[in-house]
Every structure is written in structure tokens, then in C-alpha cells.
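Please examine the sequence and the structure shown below. The report that follows describes a helix and a sheet.

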Amino acid sequence: MTQNGLNRWIQEWYEQNETDLRAYMHDVWSHPEVGLNNEHAARVSWQFAKTHGFPDAKLVRAGEGLKETEHPNAVVAEYGTGSPKVAIVGELDALPGLGNENVPYRAEIKGPGHGCGHNLIAGSCMGAACALRYAMEKEGVKGTLRMVEAPGEEVGRGKAKLAEDGVFSDLDLAMMWHPGPDEFTTEPQYAMVMNAGTFDFYGKTSHAYANPWDGRSALDAVQLMNMGCEFLREHVTKDCFFHYQILDGGQAPNIVPDHASVKYFCRSASVDGAADLYRRVMKCAEGAATMTETEVKRTDLFIIPYFFINKPLCAHMNAVARKVPEVEYTNEEIQFARELTKNLTGKDIEDVRELLPFQKEEYDPDPTHHVKTATDMADVSYYCPTVHIHGGGCVRKAHAHHWAITVCAGSTIGEKYAERAGKVLAEGALEAFQDPEVVKQCWEAFKEQNIPTHEELYKDLHFED
Ligand SMILES: [Zn+2]
Ligand SMILES: [Zn+2]
């Protein structure tokens with residue numbers, strides 16, 4: 001059972017700043033931005049940080065060396081000096097096409113939406129960092145706290161670009177939380193590796209009725225590539241998944257298109273598995289180009305590398321999480337969750353524990369039991385012991401990348417859990433500052449893994465924005 005072992009200053013900060021923090025999360029939710037272009041979110045994050053304990057917070061664009069910039073998309077702020085150095089990490093970006101009104105049913109707002117709940121991640125990070133800074137000052141705690149609000153997680157590049165700026169190079173620990181329909185847990189999770197790329201086909205245009213024999217259709221090539229990949233699906237190992245999106249399928253049915261393109265995300269449980277899957281997808285592209293007498297150009301977009309799990313850090317955060325009080329939802333919030341769930345599933349569920357996720361009671365340290373999606377937080381795990389805490393903040397029947405997550409992320413259901421997650425992050429970091437054993441044990445496990453450097457990982461890879 002959870003009990004209240006939360007540091008009093010962290011608690012006090014949340015009591016005094018809850019209204020501001022919720023307004024900040026809702027502001028990010030109300031201005032959803034995709035890819036690496038989350039400028040509004042970065043600006044309001046910077047404002048919040050500056051007025052809540054980080055007067056020197058930097059508003060930057062990831063990958064540009066932490067300089068002043070015209071189109072910022074990230075915030076880096078720091079408090080304290082010396083060791084240990086602990087980073088709390090947030091995310092700012094939304095997803096295309098998942099905009100929704102703040103109601104428990106589908107009421108589309110045209111455009112992007114926070115269908116992965118990153119505005120809540122931003123809030124958990126911001127609250128944690130500000131509350132921890134306050135507690136560090138009150139208690140005279142030594143060490144360096146770094147807050148990193150990162151862009152573009154959904155396009156796989158945000159944290160890799162911040163890594164180029166040296167934001168993670170000197171850290172002792174890094175931590176973040178991601179909302180989700182599962183119970184809140186700090187258990188080690190086996191994240192997927194991903195290779196992403198775009199395939200552009202170039203053919204010859206012609207009238208689709210008058211002289212199609214003169215044309216060489218780039219769209220045919222895309223379709224044949226996709227068809228080849230559908231057959232490939234049967235002959236890959238069970239940990240392999242791939243999905244595609246046609247970016248350009250031509251301009252009109254009566255014009256044989258001389259250009260068409262398709263984007264692929266290839267996931268596997270291992271680095272070699274994802275690379276081999278990507279290689280086989282390329283074969284389908286080459287085959288399609290041969291069949292249609294078109295040419296294909298491949299553009300590598302990004303990788304999500306292997307996530308090195310740090311079991312002592314997961315265990316430390318687990319012990320902390322159990323001391324942080326559980327969220328209490330009002331009857332109104334429970335009814336909202338019930339209505340949303342009914343609209344998603346057709347089932348009327350009364351039991352609040354079936355409706356909403358809370359702290360997971362048992363703790364299973366075997367990461368292979370918890371295979372999760374790919375995340376660019378994996379990039380950080382090459383620098384220091386890193387934890388990606390997961391779950392809570394939305395109804396249990398919703399899944400990520402869905403308008404129902406947008407709804408929850410814009411409601412107090414999500415905001416309340418982001419606050420609890422922030423308290424766990426703040427308390428976990430505070431205890432790591434106060435007890436040198438935490439960092440020591442995490443680093444012993446980190447060193448045993450013989451993790452390559454981030455530079456080695458990326459040395460032969462080249463990506464275009
Ligand atoms: Zn996502
Ligand atoms: Zn996400």
C-alpha cells in the first residue's frame with residue numbers, strides 16, 4: 001500500500017502551484033504541435049520555468065548547440081552545482097489528426113491533438129523539476145538538477161538532437177514518465193528498436209487513358225512495394241512489426257504519376273532485427289522499382305536505438321512510488337471516465353479500478369514481461385542510468401495514439417496523474433541526491449552492460465530533417 005512519505009517541500013510546492021501547473025498543461029494541450037515544431041509549447045514551458053525557480057532557463061532548438069534561436073522547440077534549465085547530476089525529462093509534441101474537444105466522445109477538432117498525452121509528460125517534468133528545486137533549496141541539497149523539455153518524440157529525433165547538444169553527456173541519472181492506460185509502474189520495460197525511412201519512386205508521367213503505355217507509374221511501384229511487404233509479414237519473427245503511410249500517391253487519377261512516396265517504420269526487439277527488417281523492406285522497394293521500370297530513392301529518417309534498462313534505478317523508483325499518495329478522483333471525473341469508456345467499448349463499467357489505472361501493486365523485475373513501444377528516451381540510456389516510468393492519466397480502455405487519449409490529456413483525469421508522476425520523479429531524484437548509494441548501484445549496473453557511446457551508435461548513420 002502506498003503511504004505518505006513524500007518530502008514536505010515537494011508536497012508544499014505542489015499545493016501552492018497546482019493551479020498554475022494545470023493551466024500550463026492545458027495550454028500545451030490547447031496548442032498541439034507536431035514533429036520538431038513545438039514552438040508554442042517550448043515558449044510556455046520556458047515562461048513557466050523562468051517564473052517558477054529557473055530564471056536562467058534556456059529556450060533553444062534541439063541540435064543547434066543551446067544557442068538563442070528563431071524557432072525554439074526545447075527548454076533546458078538547471079539548478080545547483082556539482083555532483084550528482086540528475087535530469088528530469090519531458091516531451092512537448094503532439095500527433096497529427098487526433099484533435100478532439102474536451103468531451104467524453106468523438107468531437108473532432110481539425111488538426112493535431114495530444115493523442116499520446118505529451119502535454120502531461122511536459123507537466124510531470126515541469127512540476128517535478130520546480131518542486132525538486134524548491135526542496136533542494138529548502139534543505140540545502142548538493143548536486144545539479146537539469147530539466148529538459150524535449151521536442152519531436154513522435155518523429156524519433158528530439159532527444160537524439162538534444163544529445164548532440166551535450167544535454168545528456170555529463171549526467172548521473174535521467175528519468176521521465178509517460179502516461180498510458182496500464183497501471184502506473186516503474187518496472188523495467190523492454191522497448192522496441194526502430195528504423196524509419198521514406199521511399200520515393202520516380203517514373204514517367206502520361207495520360208492514364210490516352211497513352212498509359214508511355215507512362216511508368218510511381219504509384220504502381222509504391223503499391224507493389226507495399227504488397228511485397230505484406231507477403232514479407234508472414235516471414236519475419238514475431239517481434240517484428242512494420243507499418244507504412246503513403247505520402248504521395250499522385251495528383252489525379254487520369255495522370256500516371258511520375259512521383260510517389262511511402263514512409264515505413266520497422267520495429268523489432270533487437271538492433272540487428274530492426275536493421276535486417278529494414279534491409280528486407282528495401283528489397284521490396286528495389287523489386288517494385290524493377291517491376292515498374294521506375295527508380296527508387298531511400299531516405300533514412302531516424303532510428304530509435306536499443307533502450308538499456310537500469311534495474312537498480314527502476315527498483316529505486318518503485319520504492320519511491322509506493323510512498324507517494326495515490327490520486328483521488330472526484331465523482332464527476334469518474335462519471336466522465338465511465339462515459340468515455342462506454343463510448344469506446346459499448347460497456348458500462350462501474351468499478352473505478354477497471355475504469356482508471358492507479359499504482360501497480362506488484363513489481364515484476366523481468367523486462368521481457370513488459371514489451372513496450374519504441375521511445376527516443378532510449379537515446380538517453382547510452383549516457384547514464386535511465387528510467388522510463390509508465391502508466392496512468394487516462395482511461396484503461398483507451399490506447400495511445402487515439403483521440404480518447406487527447407480527451408484524457410486535456411482533463412483533470414490526466415492532469416492529476418501527471419502531478420502524482422511528477423511527485424514520484426521529484427522524490428526519486430531528491431533521494432538520489434541525498435543517498436550516494438543510489439547513484440553508485442545504478443552505475444555499477446550501467447557499467448556491467450558495456451554500453452557503446454552514443455557517438456559510436458550514430459557514426460555511420462545520416463538522417464535528413
Ligand atoms: Zn506516441
Ligand atoms: Zn508518447
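Of the 22 residues of helix H3, 19 are buried, so H3 is largely enclosed by the rest of the structure. A residue counts as buried if 20 or more other C-beta atoms, placed from the backbone, lie within 10 Å of its own. This is a predicted model, in which local features need pLDDT of at least 70, side-chain atom pairs count only at pLDDT 80 or more, and totals for chains, interfaces and linings use all residues. Residues are numbered from 1 along each chain as its sequence is written, while chains are lettered from A and ligands numbered from 1 in the order in which they are written.

Helix H3 covers residues 118–139, and at 1.5 Å a residue it should span 32 Å; its end C-alpha atoms are 31 Å apart, which agrees. The expected span is 1.5 Å times one less than the number of residues. Just after H3, Gly140 has a positive phi of about 65 degrees.

Seven strands make up an open, mixed sheet in the order E1-E2-E4-E3-E5-E15-E6. Helices (H or I, at least four residues) and strands (E, at least two) are DSSP runs, numbered from the N terminus, and two strands pair if DSSP finds at least two bridges between them. Strands E1 and E6 each have a single partner strand, so one side of each is left without a neighbour in the sheet. E1 runs antiparallel to E2, joined to that strand by three bridges, and Val60 stands opposite Ala74 in E2.

Angles run from 0 to 180 degrees between N-to-C directions of axes fitted to C-alpha atoms, for helices over the stretch in contact.

| Helix | Strands | Angle |
|---|---|---|
| H2 (residues 39–51) | E1, E2, E4 | about 20 degrees to E2 |
| H7 (residues 311–321) | E5, E6, E15 | about 40 degrees with E15 |

Note on methods: Contact = placed C-beta atoms within 7 Å. Buried ≥ 20, exposed ≤ 12 C-beta atoms within 10 Å, placed from the backbone.
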